[in-house]
Amino acid sequence: MLHLYNSCYAYPYAMFDPSSADYIVVGDKHAILGAGVENSFYYNNVFIHQCYARFKTYEDFINSNLLLPAFSNKQKFIIYCDNETLIKLFTAKLKSHIQFFDNSLYFDLAKLFGVRLKIKSKLIDSSNKEIINDLGDTFIELNSIPNVNKFPIDPYWVWENAGIEWKVANRNCGVPNNHINILNDLVNRYVYSFFDEAQESYLSRKTGGWAVDVNNQRFSTVASMKELYMEMRKEIALFTDPLILQFFETGVTEELLNDPKFLLLVSNDKVDTWLIRWLMRLPQSKITQLGLIA
Amino acid sequence: MIYLFDNCYLSTTNSIVEKSKQIWIGSHAKLDRDPMLNLTYDILHSYKEINDDELEELFNEIHEDYSNIKTVIYCDVENFMYVYSYFFNGVLEESAVKELYSFDRLKENYRIGVFATRDVEFVDLPKTLKGTDTASIFSSLLTTTRIEIAFANAMRGNEDALQFCVDRATEMYDGSPGFWSKDAEQNLPALLSDEEFTIANLTNNEFIDSFVEQFEIDEVFPNKIVDKIKEHFDFDYLEHYFTVMNNTTEWKPMWDQDANISKQKFVETYLLNKEFASGNQLLFPNYSNFDSINPIFWNTILHKNTAWLDKYKVKNGTYNQTN
């Protein structure tokens, strides 16, 4: 659904699932959503997460002291809300990132998000299909911009916590950001995640080990992901192999960033590949003009 | 915890599901001494003793008022056997009730499939069922009950039972079209050219439909997407998957045979195929809720004669009869 910051997402009411993550509820159903789940058959054998707070309106939530803790959460955290609130959150996030807000870009991005939802609804085999599809239509058909401001958060916090989409788009605008490091991290995680057995099978082969930590618990402690990958690919190559080889050969370059296939390497829950692709297509002058906070 | 009907279960006190509606029958000394009892459980009724009429009334009340809420009837040993036999006498012949009890007794004694760790008083159900000769009218009127019965009957050639299991498993085998479905939405932008990646195209339903067809979800195998991968990435995923990842060079005939298999057909052919299921023990129950299935019984169905079920009066599986 709508990714906000860190591990915080907004979901429509209809996708309520208290077994998924800690949550808050915003909007007209704030008093009732999830209030009786402890007695439900469907949630009996799973861990029920906590509802941290209930807010009657979007404004109540935005002005509460839970805004920043929710957006800063490193564990998955969900804001269950009505469509109106979801659209307001979407709008406020864009306004928080675009210093010189551009209405036509807003409608493009709303359509893009709607398309993304509609495609998701076509691809999943779930009872939520219709809900996601309808929400997609709502975003595609948006013809006015809700009257909300950017989030009442320090712009420095936004700059620090901005998604990689904004950092990549803003990479040549003279504002320092660490998109190269983040992308390196994302690709290394991607490569590492392919092999559950990597920790046992490969990391101990090299004299002294591939990893810095003795238990090889974290990929970030791998001394050389490139060497590890070369070792792994002797047995198993990945279908994005040429791209990964290019990455390990050259690092993150403009050529790689502009190759749509590169999105395959960096895509995950928190990276909106639709947005990143769209922003990458904008001319540099437009990016500068927008004054992205990233 | 033994499945009875709707969302109602029968249980000994070996494991307690705290977050459920509860009915307590019999003598429970530890429970009576618990000063926090009212704060601990949501108890609908308590009976020191119960008779056929009261039990009949209880089943009807649970069915009418709590069919969608998990409700567990906790009993001491004596009352467990009474309620068990009274309920199942309504749907099975006497000898079959004893057969079924032999499996359910083990499930209860070993607390299989229940995630709760709290017990009020740990008991062992005896090998021999000492129940009642009377039978529940309520249970005799049920049209659906335990899925294991349907599975056993399907294994023995009953077409209706097979279809019931196929429907049930297809539903449980949810979100499983295999490769890439989870990430397809995120990966789609990578498969689109610059000319295709426009708002006009993306908001055109025909364009999206034609593009999304490659991820058709009612397939078990990604037979359509692999061609696209080859086209876009110049990578033969199938060759790679079988020869590199699975070391199977003679994969083409096998692939040709099953490439277009639907999820429903897959369930029918493999999950509910006795030989296949035997080789992958408990495969089907793994997709289910152990609360409502006795895996010991399930396993027995795959290996032993279940002719005693011939006299089973209820046709199919565990779905809520009001569902």
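Mentor: Helices (H or I, at least four residues) and strands (E, at least two) are DSSP runs, numbered from the N terminus. The model is predicted, so local features need pLDDT of at least 70 and side-chain atom pairs count only at pLDDT 80 or more, while totals for chains, interfaces and linings use all residues. Residues are numbered from 1 along each chain as its sequence is written, and chains are lettered from A and ligands numbered from 1 in the order in which they are written.

The part I take is helix α5 of chain B, residues 94-109. Its 16 residues should span 22 Å at 1.5 Å a residue, and the end C-alpha atoms are 22 Å apart, which agrees; the expected span is 1.5 Å times one less than the number of residues. The helix has a bend of about 25 degrees at B:Ser102, where the bend is the angle between axes fitted to the seven residues ending there and the seven starting there. Just after α5(B), B:Arg111 has a positive phi of about 55 degrees.

Burial is counted on C-beta atoms placed from the backbone: a residue is buried if 20 or more other C-beta atoms lie within 10 Å of its own, exposed if 12 or fewer, and partly exposed in between. In α5(B) the buried residues are B:Ala96, B:Val97, B:Leu100, B:Tyr101, B:Asp104, B:Arg105, B:Lys107 and B:Glu108. An α-helix has 3.6 residues a turn, so residues three or four places apart point the same way. The cover over these buried residues includes β1 (2-5), α4 (77-89) and α18 (295-303) of chain B.

B:Val97 counts as buried because 23 other C-beta atoms lie within 10 Å. Two residues are in contact if their C-beta atoms, placed from the backbone, lie within 7 Å. Leaving out residues up to four places away in sequence, B:Val97 touches B:Ser85, B:Phe88, B:Asn89 and B:Leu92. The C-alpha atoms of B:Val97 and B:Trp308 are 9.6 Å apart, although 211 residues separate the two in sequence.

The rest of chain B gives the setting. Its secondary structure comes to 18 helices and 5 strands, and 38% of its 323 residues are buried. Of its contacts between residues at least 6 apart in sequence, 77% join residues at least 24 apart. In the loop between β1 and β2 (8-11) of chain B sits B:Asp6. B:Asp6 is not glycine, yet its phi is positive, near 45 degrees, and B:Asp6 is buried because 25 other C-beta atoms lie within 10 Å. B:Ser46 lies in strand β4 (residues 42-47) of chain B. B:Ser46 is partly exposed, with 15 other C-beta atoms within 10 Å. Its C-alpha atom is 4.7 Å from that of B:Trp24, which is 22 residues away along the chain.

Chain A can be set beside this. It has 15 helices and 5 strands, and buried residues make up 38% of its 294 residues. For contacts between residues at least 6 apart in sequence, the share joining residues at least 24 apart is 69% in chain A. A:Asn6 lies in the loop between β1 (2-3) and β2 (8-12) of chain A and has a positive phi near 50 degrees. A:Asn6 counts as partly exposed because it has 17 C-beta neighbours inside 10 Å.

Two packed helices are described by the angle between their axes and the distance between the axes. Helix α4 (residues 103-123) and helix α14 (residues 273-281) of chain A have axes that come within 10 Å and cross at roughly 145 degrees. Axes here are lines fitted to C-alpha atoms over the stretch in contact, and angles run from 0 to 180 degrees between N-to-C directions. A:Leu109, A:Leu112 and A:Arg116 of α4(A) meet A:Trp274, A:Leu275 and A:Trp278 of α14(A). These contact residues divide into 5 nonpolar, no polar and 1 charged, with Ala, Val, Leu, Ile, Met, Phe, Trp, Tyr, Cys and Pro taken as nonpolar, Asp, Glu, Lys and Arg as charged, and the others, Gly among them, as polar.

Lastly, A:Leu290 belongs to helix α15 (residues 284-290) of chain A and is buried, with 20 C-beta neighbours inside 10 Å. Not counting residues up to four places away in sequence, A:Leu290 touches A:Ile98, A:Gln99, A:Phe100 and A:Asp102. A:Phe100 is 190 residues from A:Leu290 in sequence and 5.0 Å from it in space, C-alpha to C-alpha.
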